[in-house]
Amino acid sequence: VDTLAQLAAGFAVALTPINLLWALVGCTLGTAIGVLPGLGPALTIALLLPITYKVDATAAFILFAGIYYGAMYGGSTTSILLNTPGESATIVTALEGNKMARRGRGAAALATAAIGSFVAGTIATMGLTFLAPLVVDFALRFGPAEYFSLMVLAFVTVSAVLGTSAVRGLTCLLFGIWLGLIGIDLQTGQPRFTFGLTELLDGINVIVVAVGLFAVGETLYLAARHHLGKDEIIPVQGSLWMTKEDWKRSWKAWLRGTLIGFPIGAMPAGGAEVPTFLSYYVEKKLSSHPEEFGNGAIEGVAGPEAANNASTAGVLVPMLSLGLPTSATAAIMLSAFQSYGINPGPLLLQNQPQLVWGLIASLYIGNVMLLILNLPLVGLWVKILKIPAPLLYGGILVFATIGTYGISQSPLDLVFLYIIGGIGYLMRRYDFPTAPVIIGMILGPLAEQEFRRAMTISQGDPTILLTRPLSATLLAIAAVALLSPFVYRAFKR
Amino acid sequence: VSAGQSDSGTDLAESEQPHANRREVFLSLGVIAFAILVLFQTMQIPVSPIYSRVGPTVFPYLVAGGLFVLGVLLLVQALRGQWGATDADEDEAQPDWRALGWLGLGLVLNVALIDYLGFIIASTLLFCCVARAFGSRHLARDAAIAIILCVITYLGFARVLGISIGAGVLEGIL
């Protein structure tokens, strides 16, 4: 009941005209960047971080959350019509969705994706509403040791468990942590890794890293392989109203996708890719038309689309209740909290109820907006897809430049941007994941801080991490998650 | 590109005759070299005895050590041909050096000129180079679009968000 009262207060915040406008701007922008291949929510929010100097925190987070949700909706449109996933979380959607579009059922695929996203997004936002306060109650008992161990667990899951290679994922994570270490150590005042440059005393700005990896690196990667061919856009065909048969085959997939996506997103593992693959696999197993899979089965669109939207809401659970980001986008949102001087963590709900509940309420509203934006207005987004690549990527780099140069009007920031961009290109080409870099950079300094606090409490005895039961459990889970694939492989030989 | 294909890609690489990939070997050596650089940089951080408990070097040493171990593991994988990058055929496909060259030129021009000519002109040049890298042959059209886009972006950031984007030739007029 208390939660519902808080939520009602949140709606009062979110329904003010100005906040509705921010939500609409966020949802529209999010859908647009979701549709455009090469632009993602992490990059967009990083470029918009300067807005935190101008508008109040509630408005900024309503905008950012709209972008985050909207990108998930928009990404599916690109996957279905272009076969190039607009977002990594919509890779699976392309498998069946693009086949459906080729068979003239593009409209039905778009409809089941959008309605599924709405259903899943709404249910998962309810999950967030009721789960976040519970997690907070639990987390209030956490000391620095538990926090540090929880961060270690998140580090392991985002880099080693998700993704294709644990070694490459961890390499990226450590690179990210190193980037986060650059600058003056706040506790001792010692400069670290500044290479004698005064510009680096404040550290490297997360905008530089995010924009370098996601905009410059991605553009270099696509330019280098542009000659490899182009994808064709399939025009939307068929009725946007799904047939009775489509509904019958979709609704269970939506609910199953939600049930898969939300818990996985809410665990300190995060990520939207794993639940989409899992949902696809489940739908293929359970389908009464397994022969259609690979040729455009509607369940193969409905399930994964629901799963990725549900996991997006799930990621916000550890983000808002623990201050623990588990996706690149969430990590950048965390740095926005820092920019406002707000300490994300279990006390956030107590100290900033207006912000948190206003944000959650705006997610419900955003889902409705996004359903309208993405279903009747889908033709508009198809037009965006037709922007020629030369102009699109030219524009992306102009935005990258102004976002970076605007930090301190220093060409040196641009040099760092291009270095990171070059590294991002190599990472893309050799299949290194980028999200662990951002997460490591944001979470690394926080982990160091908690580690130092824990050591101060224990008077320098590191066994505190293992003698406190909760902390030991978290570290044990992390160790199992890290080592079990290797052990499994060793047994298989 | 998808994570799902990678599993089968790894299996494929293992069932076929694995062979060391030269570029992957260089890349892992790069990671090892970077780990050593981090280590040397860490050794130069002065540690005050007052902060003997967890000084400023504990995490850097962990990072350097971890990167070194991971670099060695990467090297082993590369030598055994077990890297299993998702696009197996991509190693064969040469990157488009001409496109990368145009892009690089645009980036260098941008960083070299932005302080002297201002954001709008420098970024217009960048835009045109990027468009050329992606195969555009319509310089006049690209330049026109670029100038309009840069002016709008500049006004958006400078006036609406109130962020200083520095002075420049055209910025002074606006």
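A crossing of two helices is called left-handed if the near helix is turned anticlockwise from the far one by less than a right angle, and right-handed if clockwise. With that in hand, H6(A) passes H10(A) in a right-handed crossing. Before going on, a note on what we are looking at. This is a predicted model, in which local features need pLDDT of at least 70, side-chain atom pairs count only at pLDDT 80 or more, and totals for chains, interfaces and linings use all residues. Residues are numbered from 1 along each chain as its sequence is written, chains are lettered from A and ligands numbered from 1 in the order in which they are written, and side-chain values use heavy atoms, with hydrogens and water left out.

Helices here (H or I, at least four residues) and strands (E, at least two) are DSSP runs, numbered from the N terminus.

Back to that pair in chain A. Helix H6 covers residues 106-139, and its axis comes within 9 Å of the axis of H10(A), crossing at roughly 40°. Axes are lines fitted to C-alpha atoms, for helices over the stretch in contact, and angles run from 0 to 180 degrees between N-to-C directions. H6(A) and H10(A) are therefore oblique to each other; angles under 35 degrees count as roughly parallel, over 145 as roughly antiparallel, 65 to 115 as roughly perpendicular, and the rest as oblique.

Next, H9 of chain A, residues 206-224. How far apart are its end C-alpha atoms? They are 26 Å apart, which agrees with the 27 Å that 19 residues should span at 1.5 Å a residue; the expected span is 1.5 Å times one less than the number of residues. H9(A) also bends by about 40° at A:Gly212, the bend being the angle between axes fitted to the seven residues ending there and the seven starting there. Of the 19 residues in H9(A), 18 are buried, where buried means under 20% relative accessible area, exposed over 50%, and partly exposed in between (1.4 Å probe, protein chains only).

Now the loops on either side of H9. Between strand E2 (191-192) and H9 of chain A sits A:Phe193, and A:Phe195 is in that loop too. Most residues other than glycine have a negative phi. A:Phe193, however, has a positive phi of about 55°, and A:Phe195 has one of about 50°. Which of the two is buried? A:Phe193 is buried, at a relative accessible area of 2%, whereas A:Phe195 is partly exposed, at 43%.

The loop between H9 and H10 (244-266) of chain A holds A:Met242. A:Met242 is buried, with a relative accessible area of 8%.

Chain B next. Its secondary structure comes to six helices and zero strands, and 43% of its 174 residues are buried.

Helices H2 (residues 22-43) and H3 (residues 58-80) of chain B pack at about 165°, with their axes 8 Å apart. That makes H2(B) roughly antiparallel to H3(B). H2(B) passes H3(B) in a left-handed crossing.

Last, H5 of chain B, residues 119-133. Its 15 residues should span 21 Å, and the end C-alpha atoms are 21 Å apart, which agrees. H5(B) is mostly covered, with twelve of its 15 residues buried. Among them are B:Phe119, B:Leu126, B:Cys128 and B:Cys129.
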